Amino acid sequence: MRMSAVIGHRGAAQLAPENTLAGIRTAHALGLEWVEMDVVLLGDGQLVIHHDQAVNRCTNGSGELLSSTLEEIKALDAGVGFSKEFAGEEVPTLKEVIDLLSELGMGLNLEIKMHKHPVDKLVLPVVEALKQKSLPDGKLLVSSFDHDALKLFHEHMPAIPVAHLFEKLSVDWQEQARKVGAVAINLGQKPLKRSQVQEVINEGYEVYCYTVNSQSRADELWSWGVSGVFTDNPKLVIR
Ligand code: G3P
Ligand code: MG
């Protein structure tokens, strides 16, 4: 198994502000070994960890990340909206996330969030950043819903394992997975059927499912052969 049976989704999004260092620390304190986080591009070419294309939902600011600088993003509070206890929490850079995960010995599923930008505008900076600073072998897996982004990433960094994300398993999933050199298929859990999990496993891929916030669904998915589940709340999903 490449990742663990339970992976903290956006850190531990129900228990700490999503995609923050506090989220990583929360996941770690609850015994998780892996977290999933989203990487996005800023207007000045810097990379930060954030899910949306705008900062409105998760910070006290407003506006698009693609028209912001790192200095502007760093001035925002990504914690106070979640709870006062997290006031002052920053939107982290990819580098800060890698530093903390290294210190804690944790693994990262880095999801490349394309939003609207051209593929190379985000993928090439991610490649450069990971060449400068990465995690030990076996502690990093890169994923994306965006096929072209994964393909470009894999061409530049073939040694880093890649997972193709699908909300629903597409009819041509095998061809897509093959083209990006995927080792795993990360799937939305809601529409997922046992036969689909079997199909993917039979082709030699691992399956990871998002987002699973109940023990009964996690148990069911594990019983189908799913390697791991992404959860917002590791207190609710225990292996
Ligand atoms: O990588 C799994 C999951 O995070 C994909 O969906 O929207 O939560 O990034 P989303
Ligand atoms: Mg994600």
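What follows is a short chat about this model.

Tutor: This is a predicted model, where local features need pLDDT of at least 70, side-chain atom pairs count only at pLDDT 80 or more, and totals for chains, interfaces and linings use all residues. Residues are numbered from 1 along each chain as its sequence is written, and chains are lettered from A and ligands numbered from 1 in the order in which they are written.

Student: Switching topic: is helix α1 buried or exposed?
Tutor: Helix α1 (residues 21–29) is largely enclosed by the rest of the structure, because 7 of its 9 residues are buried. Buried means 20 or more other C-beta atoms within 10 Å of a residue's own, exposed means 12 or fewer, and partly exposed is in between, with C-beta atoms placed from the backbone. Helices (H or I, at least four residues) and strands (E, at least two) are DSSP runs, numbered from the N terminus.

Student: Which ones are buried in α1?
Tutor: L21, A22, G23, I24, T26, A27 and H28.

Student: What covers them?
Tutor: The cover includes β1 (6–9), β2 and α3 (94–104), with contact meaning C-beta atoms, placed from the backbone, within 7 Å. Just after α1, G31 takes a positive phi of about 90°.

Student: Now A54, where is that found?
Tutor: A54 sits in the loop between β3 (47–49) and α2 (70–74).

Student: Why is A54 called partly exposed?
Tutor: Because A54 has 17 other C-beta atoms within 10 Å.

Student: What does A54 touch?
Tutor: Not counting residues up to four places away in sequence, A54 touches G63, E64 and L65. The C-alpha atoms of A54 and L65 are separated by 5.5 Å, with the two residues 11 apart along the chain.

Student: Last one: what is L169 in contact with?
Tutor: Leaving aside neighbours within four places in sequence, L169 contacts L187 and Q196. L169 lies in the loop between β6 (162–166) and α6 (173–179).

Terms used:
Contact = placed C-beta atoms within 7 Å.
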